[in-house]
Amino acid sequence: MSLQPPVNSRQDIGRPVADFQLTTIAGDQVNLQTVLSRKKGAVVVFWSGICSHCVRYDGYFNGFPRQYPELGIVAVASREKETPEQLRAIAADRRLTFPILHDPGSRAANLWFTQQTPRVFLIDNNRVLCYRGAIDNFKYPQDPEYVAYLDPAIRQFLDGKPISRTETASFGCAIQSVYYNLPKAL
Amino acid sequence: MNSLFEIPAGIMERGLFTMDTALKAAQSALQVITGQERLQPLQAPPLAGPADIDTAVADFANRLARIVRFTHWDGAAPGVAFREVTSAARRSFGQFDLRDPHNSAFPVQLALSFGTLFVQQGLRLLAAAQVVRPSEYPRFLTDFFESFTDAPVFLSLEYRELLEKYEARLAERPDDDATRCELGRTQIKCGLHEQAAKNLLQAAGNASVRGLALHETAVAFYRAGKLEQAAQAGSQALDVSPGNERVRHWLWLTAQKMGGYPEFVPQEHRMEVKAGYERPTVEFEDIAAKIGVDKTSAGRGLAVFDYNNDGLLDIVIAAAHAGCNLYRNNGDGTFTDVSVGSGLDTCVNGFIIAVGDYNNDGYPDLFINRLGFFPGEAQLFRNNGNGTFTDVTREAGLKVWGPAFSSTWADYDCDGRLDLFIANNLGGMFDRKTPNRLFHNNGDGTFTETTEQAGLSTRWPTIGATWGDYNNDGFPDLFLSNALGHSQLYRNNGDGTFTDVSAEAGITEYCIGSTSVWCDYNNDGLLDILQFTWSNHEDVIYTLRHGEGPPGSKPQRIYHNNGDGTFTLRDRDIGLTGCWGTMSGNVGDFNNDGNLDIVLGNGSPRMDRLEPPILLQNDGKRFHNVTFAAGLPFTGKGHGANMADLFGNGRLSVLLSSGGAYPGDVMTTRVFYPKRLPGNYLNVRLAGVKSNRSAIGARICLEAGGKKQYREVSGGSSFGCLPFEQHFGLADAQKVDAIQIRWPSGLIQHFTDLQVNDTLSFTEGERTWQRPYKR
C-alpha cells in the first residue's frame with residue numbers, strides 16, 4: 001500500500017481527503033484516482049465481510065452502479081485479521097459485485113479516522129469530502145423511524161446543491177478491538 | 001415472613017463469607033509454600049489466557065456454561081461435547097506448566113479454587129434470592145445465563161461462528177426447529193431482522209417451540225419495521241401463551257408505534273398502561289435531530305462538559321464498537337460533531353465517562369472505562385486545550401484491565417488534586433470479584449494506588465460508586481451500590497483512610513443496585529443517597545400496567561440522611577413506587593420548582609425488552625411519574641441519562657444515550673427539551689484555585705424565595721457526568737437572597753442579592769463573579 005501524506009490532518013468536510021492505493025481481492029491495484037476515473041465522484045465504504053451490519057447493505061452496494069452510474073463505488077476491508085482469502089470466499093458466497101480492497105494493518109482506516117464498519121465517505125472527483133458517516137440510522141426502510149443519510153447527500157451532490165447534512169456518526173462493528181485478540185470464546 | 005427469611009439469609013451469608021475467608025487463607029498459605037508470587041491486578045488483557053488458577057477455574061466454568069448453552073445434546077453430541085470440554089480446558093489451563101516446581105501443589109490449589117468458586121456462586125444465588133420474587137427467580141437465572149454466555153461471543157463479534165454453527169446443524173437436521181429458533185434469535189441480536197423473521201416463522205410451525213418462535217418473530221418484525229406482521233405474530237404468540245406478559249408488552253409497544261392496536265388484536269391480548277401519566281408541570285420535545293446529536297451509540301455513557309472553555313456546554317457520548325463522539329456546542333442552538341481527529345474517536349467500546357480536571361490546567365479531562373459485564377481497558381484522556389485529547393493512561397499509572405462499571409473523580413484527601421475511584425462489577429458469570437480501586441493523584445500527572453492503605457475492601461460486585469459528604473465534615477464519603485448484595489457506605493476519616501459504616505448507618509438491604517447519586521432531595525442540608533435498582537422485566541410490565549411495582553419488589557430508593565450518621569430507607573412512601581430496569585439515572589430540577597427531579601435510563605440486554613426512560617417529578621414531598629404525560633417516549637433503552645441546560649436559558653434538557661449491548665439493538669441519542677421555561681433559575685459554575693479546579697466536592701447553599709437549596713459538585717456517579725454547572729430552579733422567586741459556597745479547601749464564601757435567570761461563574765477566593773454567556 002502506498003500512502004500520500006494526509007491533505008489535512010483533521011479530514012475536514014469540504015477539503016480533499018488523502019488518497020491511498022490498495023489491492024482488490026481480485027489482485028488489481030486501485031487508488032482513488034482509479035475509482036474516480038470518468039466519474040463525478042465516488043463513495044468509499046469501510047466495510048467488513050464479518051460485520052453483521054454491512055451484510056444488510058449487500059443489495060444496496062451491488063445495485064449502486066446502476067442507481068448512481070455517475071459515481072464510483074469501492075469497499076475497503078480494514079478489519080484486523082480479515083484475510084483476502086476470507087474476503088474472496090465471502091464475496092463469492094454473497095455474490096458481491098462491488099470492488100473490495102484489502103487494507104492490511106488497517107492503515108487506510110487509520111488514515112481516514114475510521115474505527116468501525118460500515119462508514120461511508122462521499123467525495124467529488126477532486127477528492128473533496130462531501131459527506132462522512134453512516135448510510136442510514138440502521139433502521140429498516142419500512143420503519144416509521146427510518147432515516148436515510150447517504151442517499152439524500154448523494155442526490156444533493158448530484159444536483160449540485162449544498163448538502164444539508166454533511167456528517168453523521170457511524171456505528172457498527174469495530175475495525176480493531178482487543179476483544180478480537182483474546183482467546184476465542186467459542 | 002420477610003423477617004423469617006432474613007435471619008437465615010444473614011446466617012448463611014456469614015457462613016459463606018467465613019468459608020470464603022478460610023479457603024482463601026489456605027490458598028495464600030499454599031502460595032507462600034510453593035513460592036508463587038502474590039497476584040497483582042491485571043494491567044493488560046490476558047491475550048495468552050488466564051495466568052493464575054482462580055482465573056483459570058473461572059474461565060473454565062464460563063466456557064463450560066457456553067458449551068452447555070451452544071451445544072446440541074443429542075446424537076453425536078457426547079463426542080462433540082467431550083471435544084469442546086477438552087478444548088476449553090486447554091484454553092483455560094494452557095498457561096500452567098505442571099513440571100514447574102511452583103505448580104507442585106496444583107491439584108490441591110485446583111480443589112481450593114473450585115471451593116471458592118462454589119462459595120462465591122452460593123453468595124450470589126443467596127443475594128439474588130433475597131431480591132428476586134420467587135415466581136420470577138427461574139426467569140431471572142435464565143436471562144442472567146443467556147446474557148453472560150452471550151457477552152464474550154458478541155463482544156469479540158464471534159457471532160459469525162455461532163450463526164455458522166446453527167446453520168451447519170440445520171444442514172444436518174433441517175427439522176431441528178429449536179435450533180432454527182435459536183438461529184433466528186441470534187440473527188435478531190446481529191440486526192438481521194428480516195432473515196430472523198423468516199427462520200422464526202418457519203420454526204413456529206413446530207408446536208414444541210411455537211410460542212417462543214412467534215414471540216421472537218414479533219420482535220424481528222417490529223425491529224424490521226414491519227409492524228402489522230409484528231402485531232399478528234404477537235397476537236398469535238399470546239394465543240399460544242396467554243400468560244406471557246413479555247409478549248403482551250411487545251404487542252403494546254407495536255401498537256403504540258402503529259398509533260393503536262390493529263382491529264385483529266382481541267381485547268384479551270391488549271393492555272392498558274397506568275404508569276407515567278401523572279400531571280407534569282413542564283412538557284418536552286425531542287430536539288436531538290434538530291441540534292445534530294442524534295447519534296447511534298448503543299446506549300453508553302453521556303457526559304456534558306465544556307471541553308474548550310468557551311463557556312458553552314458540549315457533549316461527549318461513548319459507543320459500542322465505535323469511537324466516542326464529541327459534539328461542540330456552536331452557541332446557536334446547534335452542535336457540530338468534532339470527534340474526527342480529536343483522539344476520543346479512537347476510544348472504541350467506551351462505557352462510562354468521568355469528567356475531571358486532574359491536572360488543574362483548566363481543561364477538563366476524561367477517564368473512560370469499558371463494559372462492566374466483561375473485562376476491558378480504561379483510558380485517561382488528557383485535554384490538550386486545542387480540541388484534541390491524548391491518551392496518557394500508561395504514563396499516569398492507570399493501566400487497568402477489569403470489568404469497571406463506574407469511575408468517579410473526587411479529592412478524597414482535600415489536597416487540591418482529583419483522585420480516581422474505579423468500581424468493578426462482574427466480568428463473567430463465574431468470574432471472581434475484581435477489587436474496586438482507589439488511585440491517589442500525585443500532582444505530577446501520575447497516580448498511586450491506595451486502595452489497601454485507605455481500608456477499602458471489596459465484598460460484592462459493584463456497579464455504582466459515588467462520593468458525597470454526608471456528615472458535613474468537609475471530606476467526601478463513598479457509597480457503593482453493589483450489583484448483587486448489600487450496598488456499602490464508607491466514611492472518610494479525613495486521614496486518607498475509610499471506615500465501612502454500612503451497618504451502623506442502617507444500609508443493610510439487599511437489592512440489585514445499579515448506579516447511585518448523592519443529592520439533597522428534601523433540601524434539608526444533608527446529602528441523601530438515591531440508589532437506582534434494576535428489576536426483572538415482569539416487574540416492569542406490572543408497573544406499567546398498575547402504576548406501581550408488585551408486592552415484594554424493589555423499586556428505586558432513597559437512603560434518607562437522618563443527620564446523626566444513620567439513614568432511613570424510603571421508597572413507596574415518597575412516591576418511588578415503580579420498578580424499572582434502571583441501569584443509570586441522574587437528578588436535576590427540570591421544572592425549576594426548587595426540588596430535584598429524577599431521570600431514569602432503563603433496559604436490559606435482551607432484544608425482546610424495551611422500556612421507557614422515566615421522569616420522576618419531585619413536588620417537595622413525593623415523586624410523581626410524569627413520563628408519558630410530559631412527552632417522553634414509550635420505548636427506549638440506555639445508560640447515559642443526564643440533564644443539562646444546554647443553551648444557558650434555564651431550560652434543563654433530558655439527554656438519553658440510547659441503544660443496547662447487542663449489535664442489532666440500535667437506537668439514536670435523544671434530547672428532550674422543555675417547551676417553555678417552567679420557572680426562574682440560576683446556574684452556578686465554580687472554579688477551584690486552592691481546591692481542585694473542577695471544584696468537585698464543593699457545596700453550594702442557595703437561598704431564594706424563603707427556601708434553601710443545596711448542591712454538591714459531583715465527579716461522576718453514573719454513565720456520564722452531569723455538567724459541573726449547578727442548576728437551581730427558583731420557581732417565581734424574583735431574586736437570589738444569598739449563596740454560600742463551601743470549597744473543598746475549607747474556604748467559605750458568601751454572596752448576596754443576585755439576579756435570577758442568569759449563569760454565574762465563581763472563582764475560589766474572588767469577591768466577584770463572571771458571566772460565561774454573553775448577554
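How many residues does the contact take from chain B, and how many from chain A? Before I answer, please keep in mind that this is a predicted model, in which local features need pLDDT of at least 70, side-chain atom pairs count only at pLDDT 80 or more, and totals for chains, interfaces and linings use all residues. Residues are numbered from 1 along each chain as its sequence is written, while chains are lettered from A and ligands numbered from 1 in the order in which they are written.

The contact takes 42 residues from chain B and 37 residues from chain A, where two residues are in contact if their C-beta atoms, placed from the backbone, lie within 7 Å. On the side of chain B that touches chain A, at least two residues each come from helix H2 (53-70), helix H5 (137-155) and helix H6 (159-172) of chain B, helices being DSSP runs of H or I with at least four residues and strands runs of E with at least two, numbered from the N terminus. The largest share of that side, four residues, is supplied by H6(B).

Let me turn to the backbone. Most residues other than glycine have a negative phi, and most peptide bonds are trans. The peptide bond from A:Thr117 to A:Pro118, however, is cis, with omega near -5°, and A:Pro118 sits in the loop between strand S7 (116-117) and strand S8 (119-124) of chain A.

A:Ser106, which is not a glycine, has a positive phi of about 55°, and its place is the loop between strand S6 (100-102) and helix H5 (107-111) of chain A. B:Asn592 likewise has a positive phi, near 50°, in the loop between strand S25 (582-588) and strand S26 (597-602) of chain B.
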